[in-house]
Number of protein chains: 2
Amino acid sequence: MTNPTLELLKQHRSIRKFTQQTISPDWINAIIEAGQAAATSSFIQACTVIQVTDEHKREQLAECAGNQAYVATAPIFLVFCADMQRHKLVCDMHQADMLSGFTEQFITATVDCGLFAQNCAIAAESLGLGVVYIGGIRNQIARVSELLGLPELVYPVFGMCIGYPDQDPETKPRLPLSVVLKQDVYDDSTDADSIREYDLRVREYYRSRTGGTKEMSWSEQISGMLVKEARPHMLDFLHSKGFLKR
Amino acid sequence: MTNPTLELLKQHRSIRKFTQQTISPDWINAIIEAGQAAATSSFIQACTVIQVTDEHKREQLAECAGNQAYVATAPIFLVFCADMQRHKLVCDMHQADMLSGFTEQFITATVDCGLFAQNCAIAAESLGLGVVYIGGIRNQIARVSELLGLPELVYPVFGMCIGYPDQDPETKPRLPLSVVLKQDVYDDSTDADSIREYDLRVREYYRSRTGGTKEMSWSEQISGMLVKEARPHMLDFLHSKGFLKR
């Protein structure tokens, strides 16, 4: 059982090389409107997108993201921000004393951005474009925030490059269904075995894609990453923006 | 400029009333596989879905979500969990000392769930099904967590009801594009005016939908909500699960 939308979803792979073909502003608007159509928690509509066209800013953002050159050169670069400044504005309109800083609000605003952005990604892909999410902007999140003039109660969750693909990578194999879909209760008793089997597939994927120069299983990749600190500046930065205070 | 996928995305509205028609397990698998195909931060694949079919659990989850009856009665109910327990498992496989509790990790795992779930929502809608996200399970997140046997480093982000629609609500008007899409810098100088205009449209939407019994603008709704505490138990609960510790 399948249909064109399911096919589209299953064909996703990140695109990191784009042709120079430009994209019309109408298309950007259609992509953002598709993002807005996603569900939004209690109608908060907490996602704000900053489209960055200024070349100098794009270069600095590429640097912030760990020198990912396509952040500077992709036809379109968007930054998805979790935004509760907008809510502060409407509370002020009504002389309402907004209670902010709750972890729950951080979750809803962040999830809102995720749903919004994923709709944008699918919209773009449905138009024949390719996309890649750029979590790397959180490497230097304070600098990104300053570059974009983000006020209190706004934080940049991730970026996204969009353009016509100039590469055609394979889709990356995902975890076995039994690992990610469970019935009634969290039972991971067979996960280790399933992951060992999956590891072989991931290793083969990298081997065939790199002509043998990279061979790495999923569990090796993940465990190698998780022995390091993960952007330890994040909590202080978010506190400074008024998030996660209680 | 449009296409069937863009049309599908723009037609989204939450469905809270379903026919009794059952949905084949093949469809559920296809929906979850579509979810897995979404981008995942550094390949972490941090989303685990618990499908709840046990009637007694469904009733309790409905209660947790503030007595949303469709949580008990919808043909399908899924709980999307941000899961780093799986990463602990693979770190243990490799005798790697996992560093957990970083706020950054909380963001990536939560965003992973958002992208995954939104793909599921679109997949379901492409099959003619309707969906509604259930953030309400976070009302009693500790109880939900216990009901589903969630271990440390796993938290339930939201639920989702899926089924054949037995209602046909209108789509809800979204904020003007100028409010959510900005160029190069966060500039909200015209937002208040745009929101006032938008408020009229939202008021009209509620009026026509409720036959005049509810008339509420967006800014009234949001400001009314934000003077209250937002699930103040959340940070303690997440700490207890090993999240947001640093």
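**A look around helix H9 of chain A**

Biologist: What do the buried residues of H9(A) pack against?

Modeller: In this predicted model, their partners in chain A are helix H8 (177–180), strand E5 (181–183) and helix H10 (218–226). Chain B joins in with helix H5 (85–93).

Biologist: Which residues of H9(A) are called buried, and what makes them so?

Modeller: A:Asp191, A:Ala192, A:Ser194, A:Ile195, A:Tyr198, A:Asp199, A:Val202, A:Tyr205 and A:Tyr206 are the buried ones. They carry that label because each has under 20% relative accessible area.

Biologist: How do you know where those buried residues sit around the helix?

Modeller: Look down the axis of H9(A): the buried residues fall within an arc of 150 degrees, so they line one face of the helix. The face turned away from that buried side carries A:Asp193, A:Glu197 and A:Leu200, which are called exposed because their relative accessible area is over 50%.

Biologist: How does the reach of H9(A) compare with the expected span?

Modeller: Helix H9 of chain A, residues 191–210, has 20 residues. At 1.5 Å a residue, 28 Å is expected, and the helix reaches 28 Å from its first C-alpha to its last, close to that expectation. Just after H9(A), A:Gly211 takes a positive phi of about 60 degrees.

Biologist: How is chain A divided into domains?

Modeller: Domain 1 covers 4–169 + 229–240, and domain 2 covers 177–215. Taken over C-alpha atoms, their centres are 29 Å apart.

Biologist: Where does UniProt place the feature "domain: Nitroreductase"?

Modeller: The unreviewed UniProt entry puts that feature at residues 9–164 of chain A. This span is 44% helix and 18% strand, with its end C-alpha atoms 17 Å apart.

Conventions:
Residues numbered from 1 in each chain as written. Chains lettered and ligands numbered in written order. Predicted model: local features only at pLDDT ≥ 70, side-chain atom pairs only at ≥ 80, totals over all residues. Heavy atoms only, no water. Helix = DSSP H or I, 4+ residues; strand = E, 2+ residues; numbered from the N terminus. Expected span 1.5 Å × (residues − 1). Buried < 20%, exposed > 50% of the residue type's maximum accessible area, 1.4 Å probe, protein only. Arc of directions from axis to C-beta. Contact = heavy atoms within 4.5 Å. Domains from an automatic or database assignment. UniProt positions renumbered as here; feature names shortened; annotations may be inferred.
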